[in-house]
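Thanks for making the time, everyone. I would like to walk through a pocket, a cavity and a few ring contacts, giving the criteria as we reach them.

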Amino acid sequence: MQVFKFGGASVKDAESVKNSAHIISNYKVDALLVVVSAMGKTTNLLEEVTKAYYHHTGKAFEILEKAKAFHFTILSDLFDDHNHPIFDEIANCFVEIEWILEEDPQDPFDYLFDQIVSTGELVSSKILAAYLHHIGEKSKWLDARNYIMTDNTYTEAQVNWEKTEEIIRTEIPSILDEYIAVTQGFIGSTSENFTTTLGREGSDYSAAIFASCLNAEYVTIWKDVPGVLNADPKWFEKTELIPELSYTDAIELTYYGATVIHPKTIKPLQNKNIQLNVRSFLNPELPGTKIKSTNASLPVPSFIFKVNQILVSISPRDFSFIVEDNLRDIFNLFHQFRIKINMMHNSAINFSVAVDDTGQNLIDVLEELKKKFKVNIETGLELITIRYYNQETINRVLINKEVISELKDTYTCQLLVKKI
């Protein structure tokens with residue numbers, strides 16, 4: 001049994017949908033479940049709809065029309081018969097958003113976000129399933145909300161693994177005996193049947209959840225890169241493909257910010273010893289990268305760059321020490337406002353962290369911190385992480401940059417820098 005996951009770039013237009021469908025046809029081996037993300041930049045567009053609705057800008061319907069037009073253009077390019085049932089199915093998905101927008105917002109933003117933005121995955125998966133059937137593949141659309149059970153932490157829902165595994169194991173294997181199952185990434189459901197999302201870019205995680213519960217042989221994530229590279233091509237002209245990667249190194253790279261795989265994806269697969277393949281939907285004949293149980297270390301140093309970093313320096317107002325109770329309060333605030341710490345350092349009277357510039361929630365946490373601590377910030381910084389570093393690799397990334405903070409262990413070096 002295997003799981004394929006297709007991201008937004010792999011279904012961004014009609015030709016991409018056709019290409020993904022042909023990959024499914026040509027590379028399936030046995031029982032197959034397909035997880036698909038929202039098409040192109042749909043998630044961003046539906047997030048704009050949510051913000052416009054919540055903040056009463058008057059543009060929510062206008063933005064929604066853009067999302068609808070985008071999808072119906074793809075439908076028209078895929079299906080010559082405009083009376084095909086898929087047209088009504090997609091229209092009905094967007095009607096459900098319209099029903100929300102017709103009333104004044106009464107619910108918290110995070111709840112509304114999940115109810116609206118999740119439509120992107122529902123629509124893309126319906127279109128892919130319909131097209132697979134259109135080209136002669138026996139496909140069946142499954143609603144992931146019937147299988148992935150979560151708590152009600154909207155936008156960052158936590159999976160109830162016991163319930164999820166019981167439902168998936170009971171209901172899906174018999175479907176896979178007869179059909180290619182097509183479902184959604186990113187979304188789940190509460191016990192009250194409210195839609196939840198698993199965090200941005202959470203479709204990889206969804207694929208791992210299904211694979212773990214079904215004891216899949218492997219998961220393949222189809223990307224627009226040839227596999228896992230040792231650096232983002234946006235930053236390095238010459239990058240190297242990593243043909244094989246251990247679970248440990250993959251977890252470390254995603255923890256430090258490598259974006260090719262969602263950070264939560266690896267652990268459920270490692271627990272079941274399920275191989276993860278990262279392959280190119282542009283060149284599906286290439287082998288890509290295999291992530292599996294191996295003692296081999298990375299063959300080349302790997303570089304991760306995070307821009308728009310803010311250094312937050314925190315110290316007690318009374319010049320007392322940064323001790324456990326202060327650290328507890330600081331970490332609780334970062335957890336409460338859902339801010340991930342990318343780098344941290346503490347001394348006797350100072351605790352400093354590098355975090356993403358996430359906007360309002362960062363402003364809010366800084367205000368809370370200032371009630372008890374002295375807080376200074378430095379903006380416009382860049383965080384560089386090198387896995388399996390040496391001095392040559394450090395020198396390579398420090399051209400025209402000043403080091404603000406540096407952390408090293410046996411395998412990893414982190415450099416918080418600013419341009420000179």
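Helix H4 (85-101) and helix H6 each supply at least two residues of the lining of the second largest pocket, where helices are DSSP runs of H or I with at least four residues, strands are runs of E with at least two, and both are numbered from the N terminus. This is a predicted model, in which local features need pLDDT of at least 70 and side-chain atom pairs count only at pLDDT 80 or more, while totals for chains, interfaces and linings use all residues. Residues are numbered from 1 along each chain as its sequence is written, and side-chain values use heavy atoms, with hydrogens and water left out.

On a 1 Å grid over the protein atoms alone, a pocket is an open set of points with protein on both sides within 12 Å along at least five of seven lines, a cavity is a set where a 1.4 Å probe fits but cannot get out, and lining residues have an atom within 4 Å of a point. The second largest pocket holds about 200 Å³ of space, the volume being that filled by probe spheres set on the points, which are joined across faces, edges and corners. H4 gives the largest share of this pocket's lining, four residues, and the residues lining the pocket include Glu96, Lys126, Trp141 and Arg145.

Just after H6, Gly136 takes a positive phi of about 100°.

As for the largest cavity, about 30 Å³ of space lies in it, and strands S12 (341-346) and S13 (351-356) each supply at least two of its lining residues.

Finally, the rings: there are 13 aromatic pairs, counted for Phe, Tyr and Trp (its six-membered ring) if the centres lie within 6.5 Å, with planes under 30 degrees apart stacked, over 60 edge-to-face and the rest tilted. Tyr54 and Phe109 are edge-to-face, 5.4 Å centre to centre with 80° between the planes. Tyr54 lies in helix H2 (residues 42-54) and Phe109 in helix H5 (residues 109-117), so this pair ties together parts 55 residues apart in sequence.
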